[in-house]
Amino acid sequence: MQTKYNFSVPNFKKIRLIIDTDAKNEADDQFAIVHALLTNKFIVKGIIAAHFGTRRTDQSMLESYSEIEKVLNLMGVRTSYEVKHGSATSLVSEDDVTTSEGSELIIKEALANDDQKLFCIFLGPLTDMAIALKQRPEIEDRVTVIWIGGGVWPVGGDEFNLSNDILAANIVYRSNVELWQVPRNVYSMMRVSLAELQKKVKPCGEIGNYLFQQMVEFNDTLGNNPVWPLGESWVLGDSAAIGLLMDDQNFDYKLVPAPHVLDDMSYRHETSDRFIRMYNSIDSRFILEDFFSKMEITFKKG
């Protein structure tokens, strides 16, 4: 989209990006989508609507699709980006993998004759990536996957994005695709107060007002939950993926052998020469201040 920055990004430093998002799951995916579209380093090739299980609805993927469209419309860029339906459900078995528009987009871009590196960020389950790898295994060395999900390393444990497709996570772990994982304890570092969002995001046009209001409404909807949310704060965990792609050299990670996820979402560690990036920390203020600045420059009037 058109931005108003007094700087440019050299073409050879730009990257192709596909966003796979369970956008209507809660209230942070929307922030990551907007941040990605405001970042000139990214050539966004499409946005895939992901499912988020059946806890609240049996139409979760379609709800994500509608939410993506709403965000793009509020930004005035709906016709500028492809929006694809992802898989409507988690995988049932490795022998019964049904294609999705999302997996087809991933395959198409991975096989494209393009010098700019392809990244896919997954802000929910890894279903569409697993489908693409099962259908066309040869793409595994042509794409880098960033996943916001999984339990605390090295033990594992309950985590929402992982819970919505454990089988898909194991397929991706077992492949040779380059994988950068941001587990629950690390993406939880993306903490922000609602007061800061009211001050810095709400005044930034229709999209800024919507980002703030939909979070407040979700916060109020869960007001009787004694555990989460906490009342005056939120975690913009999905935005960690945007920060890593802007500056992947200054966030702490270690290379670890890819695990196998058990049914209780714990990690079983096996001897393997298949290594992935496991992030230990992120610079949340760098990511948040970049987002706030881009929102103000692009959308704030006066």
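Is R16 buried or exposed? R16 counts as buried, at 3% relative accessibility. Keep in mind that this is a predicted model.

Let's stay with R16 for a moment. Its side chain meets the side chain of E109 in a salt bridge. The distance is 3.0 Å, N to O. Now look at where the partners sit. R16 is in strand β1, while E109 is in helix α3, residues 101–111. They are 93 residues apart in sequence, so this pair ties together separate parts of the chain. And E109? E109 is buried too, because its relative accessible area is 8%, and buried means under 20%.

D20 lies in β1, which covers residues 15–21. Which side chain of opposite charge is nearest to D20? The answer is K84, and K84 is 13 Å away. D20 is buried yet has no salt bridge. What does D20 touch, beyond its neighbours within four places in sequence? Its contacts are I48, A50, I121, F122, L123, G124, P125 and D128.

Back to α3, the helix that holds E109. The buried residues of α3 are G102, S103, L105, I106, I107, E109 and A110. What covers them? The cover includes strands β1, β2 (42–49), β3 (83–85) and β4 (118–122). It also includes helix α4, residues 127–135.

Let's see how α3 and α4 pack. Their axes come within 8 Å and cross at roughly 60°. The two helices are therefore oblique to each other. The crossing of α3 past α4 is right-handed. On the α3 side, the residues that meet α4 are S103, I106 and I107. On the α4 side, they are D128, M129, I131, A132 and Q135. Notice D128, which is also one of the contacts of D20.

Helix α1 is residues 29–37, and helix α2 is residues 60–75. Their axes come within 11 Å and cross at roughly 45°. That makes α1 oblique to α2. Here, α1 passes α2 in a right-handed crossing. Which residues make the contact? From α1, they are Q30, I33, V34 and L37. From α2, they are E67, I68, V71, L72 and M75.

Pick out E67 from that list. The side chain of E67 meets that of K24 in a salt bridge, 3.5 Å from N to O. This pair links distant parts of the chain. K24 counts as partly exposed at 35%.

How many salt bridges does a search of the whole structure find? It finds 16. Here is one more of them. K200 forms a salt bridge with E196, and the closest N and O atoms are 2.8 Å apart. Both residues lie in helix α8, residues 194–200. They are four residues apart, about one turn of the helix. K200 is partly exposed, with a relative accessible area of 25%. E196 is buried, at 16%. The pair belongs to a network of salt bridges that links E196, K200, R285 and E289.

L211 lies in helix α9, residues 205–221. It is buried, with a relative accessible area of 0%. What does L211 touch, leaving out residues up to four places away in sequence? It touches Q30, F31, V34, V201, F291 and M295. For a distance, take N225, 14 residues from L211 along the chain. Their C-alpha atoms are separated by 22 Å.

Last stop, P183. P183 is in the loop between β6 (178–182) and α7 (184–187). It counts as buried, at 1% relative accessibility. Apart from neighbours within four places in sequence, P183 is in contact with G149, G150, G151, M278 and Y279. How far is P183 from E232 in space? The C-alpha atoms are 23 Å apart, and the two residues are 49 apart in sequence.

Technical notes. Residues are numbered from 1 along each chain as its sequence is written. This is a predicted model: local features need pLDDT of at least 70, side-chain atom pairs count only at pLDDT 80 or more; totals for chains, interfaces and linings use all residues. Side-chain values use heavy atoms; hydrogens and water are left out. Buried means under 20% relative accessible area, exposed over 50%, partly exposed in between (1.4 Å probe, protein chains only). Lys and Arg count as positive and Asp and Glu as negative; His and the chain ends are not counted. A salt bridge is a side-chain nitrogen of Lys or Arg within 4 Å of a carboxyl oxygen of Asp or Glu. Contact means heavy atoms within 4.5 Å. Axes are lines fitted to C-alpha atoms, for helices over the stretch in contact, and angles run from 0 to 180 degrees between N-to-C directions. Angles under 35 degrees count as roughly parallel, over 145 as roughly antiparallel, 65 to 115 as roughly perpendicular and the rest as oblique. A crossing is left-handed if the near helix is turned anticlockwise from the far one by less than a right angle, and right-handed if clockwise.
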